[in-house]
Amino acid sequence: MNRREVFTTIGTVAAAGVALHPDIRALAQAGKETLTFGQSTAVLTLDPAQGSFTGYPAGYEAALCIYDRLLDFDANMKIVPQLAESAAMAPDLMSATVKLRGNAKFHDGTPVNAAAVKINLERLMDKARNPTNRPLWDPLASVETPDERTVVIKLKAPFSQLPNSLAHGSGSIVSPAALQAGEGNIAKNPVGAGPYKVASFSPGQELVLEAFDGYWNGAPASKRLVFKTISEAATRISALRTGAVDVIDNVPVALVSQLKQDPAIEILSSPGLRPIGFALNLTRAPLKDAKVRQALNLAVPVKTIAERVFFNFAKAPDSPLAFNTVGYKSVSPLTYDPAKARALLAEAGYDAQKPLTLKLFTPQGLFPGDVSVAEIVANALQQAGVKVEITKIEAASYWDAVRQDAANVKWDLAMFGFNPSNASGLYHLASLFKSNADDAGKPDVWNMARYRNPEVDALLKEADSTADQAAQNAALGKAQELIWRDNPYIWLQINENVSAVRKGVAGVEVWPIVFTVVRRARA
Amino acid sequence: MLRFLAIRLALIPPVALGVITILFVIFKSVPGDQAAIIAGATATQAEIEQIRTQLGLDKPLVEQYARHLAGLATGDLGYSSTFRANPLPRILERVPATLLLMASSILVMVLIGLPAGVAAAAWQNRWPDLAISSAVVALLAAPNFWLGMMLIALLSVHLGWLPSFGFTGALSLIMPTMALSARLIALVARMTRGVVIEEMRKDYVRTALAKGLDRRAALSRHVLRNAMIPIVTVIGLQAGFLLGGSVVVERLFAWPGVGDLLLTGVSVRDYNLVQGVTLLFVVGFLLINLAVEILYVVINPRLCHG
């Protein structure tokens, strides 16, 4: 073959390849019994204990398809029965009686009975085997099994949030046979009683699930579910547009309008449960003054932040809790009134000669748009006459920098947002606003502001010790009013979780707790 | 040759030990508390302390270092907070994908970069040279993640020819290889052009031409052989930097390699995982350097004694 022949041959083969080769978009549309989910985070481990599902939230999203729990959340975070037909709290909140349905079994064929549930709950209670999610499981004292289908959970103290714990992802029930065969294997080879069982799993890359024939609630909507890790947002969007995946999560709000122009794509969103704000360091003299705290809140244009930074995929809160949290009560909307803010600061004794100076800490890349939001807030406060020094802290070291004992706290304002993964408003308020045992030490949970209001403490205790949902909500409502009035935070925004699907995909749910749930979805 | 190899190989363990020590010191001094990360955002201070004790993070640094070394000797990289276990198997299972991407990039770099450089030198200052040199500047200026995104937009989203992400067969290798090798092709072409032009001015080339060899024979038989040493150096060095480039490209294409895993580890602050991958990269770099030195000797046996 001479040179010309070689080139001609190569050219012909290449041209034929381009002409004949199948369009990947056409391939992707074939075989629609499979639903593929491109996740921004990686599914790494699938054991509800031993550190629980990592990474977050991908591991939980997969776990919701593999495992059933005693109770479940619906898409609006309402608690509904799952493996339990019913779960009744005793009036004194010291125990709960759970009735199991008789027809559920695990992927390996073992029945879901009282003994299986006991083994699981005792594992979750064991600090050594389950070091994470402790606030959910520490209140449990013991588990009894009067008969095959009845489980009685005894509590150490009144604990009204037990149903939230049982519905939480970490309450996933694992096959006792699989546990006995080797607890260390669960993370890689999970065996649950959920609608899908594992076909193959490469941690951090791909998880393939197939429908479990023996599921107690009938066959699930899809034959196969494939979870693929696509960390880069632009790549995730390309994959959705080519049809290589049917669902993606975590769409950057700045790219939504561009994505909306594609007629094959549909955007799904729901407001999250995590209100973002700046915790005020209440151990500092100026911030002990209620007028100053009110002025700081009046000085920040929260509407502008929601519109400009988040393209309206965020809303300003009207209570310390987010809108979909269980027990949320609307208190009053935030107002932007810089003139009044100035007046209040003047009343408190600050003016141009003697300005209030505050140190503001923000993480970089921990919360949505954190640095932009921090700069807008700093600028707004400066316009109201407050001098602000911004410190930007790398996300990895942010918690170390802000969560210090009182003597080492270097900030006056620190950005924070708490995501109550069991959707409980009581859990949220107690984590952030219940008085610390010792304000000089590190905060017990996340009360970094060192907020201390005996009335709020009493209301939280009251909410925690009543089985009556209405009475609990009434107590939480009063607590929200008190906290909102005290302004221990500069309240900012509640972001929406934005996912996208191809048109025609049905049943994808975007839960307020960051999860994109595909267990009822089909392509 | 054997003695040369033995000396080079013997140098690897002390260098590796130095690297291990430096990495240990770095990862002990970066902020971020492993125990707090494992305990989760809702943990109380007491629970964090308990985990710290469990993992031995409360022990003196010297003791932790000794345990770290002993662990490494048995293949234990320490507890990974992402995998809740020793991450070594998870790292190793990703090595082939990274090696494949590196190998195809090196192949493309040599197969395109070298002939392009020689062609540019042979037709110096004429249109092939101008075309190649302009292409080189363009490729050097294009960052690999941008190039990758443009490739995805064109070849996957617009034309639908290639899969946009993941490792799903030969077709899926094309775009990551293009994105990763573009800069290297340009570097090799530019280097080759310069070296070949320099060599062609030397006396031995004039002699070869004078004794009646045509230009092509002089180029392929004499000039290229002499030009190879600096070119191999560049290729070797760049192969090392491929490890770095692969981190970005793997993430962009959701390529299941070690670089992607490194970023996953960084995003969740899994320091033992990051430390393990970094160590693997360092060892990889050392091995590539060794391979380059062996290549020198193959090209020019006199270096064996140098």
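**Figure 1. The two domains of chain A in the predicted model.** The centres of domain 1 and domain 2 of chain A, taken over C-alpha atoms, are 33 Å apart. Domain 1 of chain A covers 3-249 + 503-517, and domain 2 of chain A covers 272-496; such bounds come from an automatic or database domain assignment. This is a predicted model, in which local features need pLDDT of at least 70, side-chain atom pairs count only at pLDDT 80 or more, and totals for chains, interfaces and linings use all residues. Residues are numbered from 1 along each chain as its sequence is written, while chains are lettered from A and ligands numbered from 1 in the order in which they are written.

**Figure 2. Where domain 1 of chain A touches domain 2 of chain A.** Contact joins 19 residues of domain 1 of chain A to 17 residues of domain 2 of chain A; two residues are in contact if their C-beta atoms, placed from the backbone, lie within 7 Å. On the domain 1 side, helix 5 and helix 6 (162-167) of chain A each supply at least two residues. Helices (H or I, at least four residues) and strands (E, at least two) are DSSP runs, numbered from the N terminus. Helix 6 of chain A provides the largest share of this side, 3 residues. By class, the domain 1 side has 13 nonpolar, 6 polar and no charged residues. Ala, Val, Leu, Ile, Met, Phe, Trp, Tyr, Cys and Pro count as nonpolar, Asp, Glu, Lys and Arg as charged, and the others, Gly among them, as polar.

**Figure 3. The side of chain A that touches chain B.** Here 40 residues of chain A are in contact with 38 residues of chain B. Among the elements of chain A that each supply at least two residues to this side are helix 2 (24-29), strand 10 (224-229) and helix 14 (395-402). Helix 8 of chain A gives the most, with 6 residues. The chain A side consists of 14 nonpolar, 17 polar and 9 charged residues.

**Figure 4. The two domains of chain B.** Domain 1 of chain B spans 2-73 and domain 2 of chain B spans 94-305. Their C-alpha centres lie 34 Å apart. Each domain of chain B puts 12 residues into the contact. Helix 1 (2-29) and helix 2 (34-39) of chain B each supply at least two residues of the domain 1 side, and helix 1 of chain B gives the most, with 9 residues.

**Figure 5. Helix 7 and helix 9 of chain B.** Helix 7 (residues 127-141) and helix 9 (residues 171-200) of chain B pack at an angle of about 140 degrees, with their axes 8 Å apart. Axes are lines fitted to C-alpha atoms, for helices over the stretch in contact, and angles run from 0 to 180 degrees between N-to-C directions. The two helices of chain B are therefore oblique to each other (under 35 degrees is roughly parallel, over 145 roughly antiparallel, 65 to 115 roughly perpendicular and the rest oblique). Residues making the contact include B:I132 and B:V136 of helix 7 and B:A182 and B:R183 of helix 9.

**Figure 6. Confidence in the model.** Chain A averages a pLDDT of 90, and chain B has a mean of 86; pLDDT is the predictor's confidence in each residue, from 0 to 100. Within chain A, confidence is lowest in helix 2, at a mean of 50, and highest in strand 11 (residues 247-248), at 97.
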